[in-house]
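User: Hey, I'm new to this one. Could you walk me through it?
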Amino acid sequence: MIQFSHVYKTYTGPIHALKNIELSIDKGEFVFLTGPSGAGKTTLFKMLSAFDKPTSGAVRVSGFDLNLITAQEIPQFRRRIGVIFQDFKLLRDRCVFENVALPLLARGDRAHQITRRVAEMLEQVGLSEKARQLPDFISGGEQQRTAIARALIHQPGVLIADEPTGNLDPKLSEEIMDLLERVCAQGTTVVVATHDHEMVKRRSKRTIQISDGSIVGDSR
Amino acid sequence: MKTSPLYRLAVHIGKSWRYHFSLQLATLVVLVASFTVVGGVLTIGSNLYRVLTLWGESMQVSVYLNETASLDNISSIKKFLENDSRLEKPRLVSKEEALITFREQMASYAPDLLNDKELLRFIPASFQFSVSKLIAAADQLEVMQTTANSLKIMPGVDEVTFGQDWVKNYTAFIRTLNWGGIIFITIIITCAAFVMANAIHTSVVQRRNEIEVMELIGATPAYIRLPFIGEGALLGGLASFLAMGLSFGLFLVVKDYFQGQLAFLQLGTQIHFLDAQVAAELVVFGVLTGALSAWLCVRRINDGWAASQSSRA
């Protein structure tokens, strides 16, 4: 499902953000990516979501070779993945329902299909009651659940979460992780970047450690 | 859940006006002013062109025949003029007819000439013709020149005159008017396009976060750009439409002034506003200019990597 082969990423400076990354993640796996700030987690996530290209090496995600992907193919690729950020990246002037509906609107789905599917998804993440609320009027946990619902609404094969609990308290963090585990149990590959070591220990999932741009540990 | 593109465009434009009302209003005012100037220039230009064309239509070419011109020569010249579709009204003016006209014109200035029996010897017969109205005023000189050159070498022709200097000046003025108008309007439209692009650019900056999110969820570049292009098109269209209305209002005021205060010029009844078709074309042009400037502004906002560029930290 996800394959990194001898991936290097160097920014001008030069800053070696990633060095010889060799990584393989199977379909339906739940993987933690841990490491200190500046270790290269975010760079790796940008590669996974086609927001950046490697300087050398190969990246394959959901059947797409991201080295060769064209600008026209990127939207198609993004419809196969879901991405969650620490800062949620919700549109502040649209309600929960409209935020969650965005991927389906962009895909051109019909109005009644969108309405039905969003209602189902909001039910699944426990936000049915908040559907017409603006993001600024719901809690951080609810905002993150909205972001998760938006990332899952189009049923992606891969869910990428960059510090999804970074802005949440421990209780809400556990709720979000439970939700991500449920998503994984339904067959979605889930990759979560975090530096919350306690949570990683409690979950007992495959953990890949990154330090200074290199993989220094893989609990597989 | 409303999913139509028009609803999306309406929401998009509504937000632009809500968040940047002053900028949007200032942009609209500047654009209306620009298109009003364009409308004014076109109105003045078309009226001036109409008046000058009327003058041009009255320009006559005279082909003076020499004393030895035979009937065959005259017939050949007449045939030559009648076969040229660019010319109209070729008319043979006999010596006698020319003399009568000459005497009528000179009667009040030189009454003695009316009794001069020898005068007939000095006044030649001639062909008089003008250039077809279908020929543009700016091209009339060339038609006259080439025709005159052909006529000069024909047997029986003594001289060809058509007020060359005046026609040259007239043609040069028409050409200057055309090119001056084109350059002036181009400058105004270019400035208007920049103003529109600035408004769209502000709209893009305001929606940077939204654009990133749309990229993230797999929206195509066209899906992201279309509301901005629609916003530009509507801004251009609305501005040019309002400008046509304003131009027409100003035209009525000016026309009223000509009819009232400057009635002696008799221009009040001769000047007209732009044709409805030209006005409609100008509105369409405003729409296209707005859409084009918006497209130039947004064509590279989301090449698939924009979010990476702005979020790289």
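This is a predicted model: local features need pLDDT of at least 70, side-chain atom pairs count only at pLDDT 80 or more; totals for chains, interfaces and linings use all residues.
**A chat about the two chains**

Analyst: In chain A, four strands form an open sheet in the order S2-S1-S4-S5, with antiparallel pairing. Strands pair if DSSP finds at least two bridges between them. The edges are strand S2 (15-25) and strand S5 (64-65) of chain A, each pairing on one side only.

User: Over how many bridges do S1 and S4 of chain A pair?
Analyst: Five, in the antiparallel sense, between S1 (residues 2-11) and S4 (residues 56-61) of chain A. A:Gln3 stands opposite A:Arg60 in S4(A).

User: Which helix packs on that sheet?
Analyst: Helix H1 (residues 41-48) of chain A, touching S1, S2 and S4 of chain A. Its direction makes about 60° with that of S2(A). Contact here means C-beta atoms, placed from the backbone, within 7 Å. Axes are lines fitted to C-alpha atoms, for helices over the stretch in contact, and angles run from 0 to 180 degrees between N-to-C directions.

User: New topic: how do H3 and H5 of chain A cross?
Analyst: The axes of H3 (residues 96-107) and H5 (residues 140-152) of chain A come within 7 Å and cross at roughly 30°. H3(A) and H5(A) are therefore roughly parallel to each other, a label for angles under 35 degrees.

User: Which residues make the contact?
Analyst: H3(A) gives A:Val96, A:Asn99, A:Val100, A:Leu102 and A:Pro103, and H5(A) gives A:Thr146, A:Ala149 and A:Arg150.

User: What about chain B, how many helices and strands?
Analyst: Chain B has eleven helices and four strands.

User: How many residues of chain A are in contact with chain B?
Analyst: 23 residues of chain A, in contact with 19 residues of chain B. The largest share of chain A's side, six residues, comes from H3(A).

Definitions and conventions
Residues are numbered from 1 along each chain as its sequence is written. Chains are lettered from A and ligands numbered from 1 in the order in which they are written. Helices (H or I, at least four residues) and strands (E, at least two) are DSSP runs, numbered from the N terminus. Angles under 35 degrees count as roughly parallel, over 145 as roughly antiparallel, 65 to 115 as roughly perpendicular and the rest as oblique. Two residues are in contact if their C-beta atoms, placed from the backbone, lie within 7 Å.
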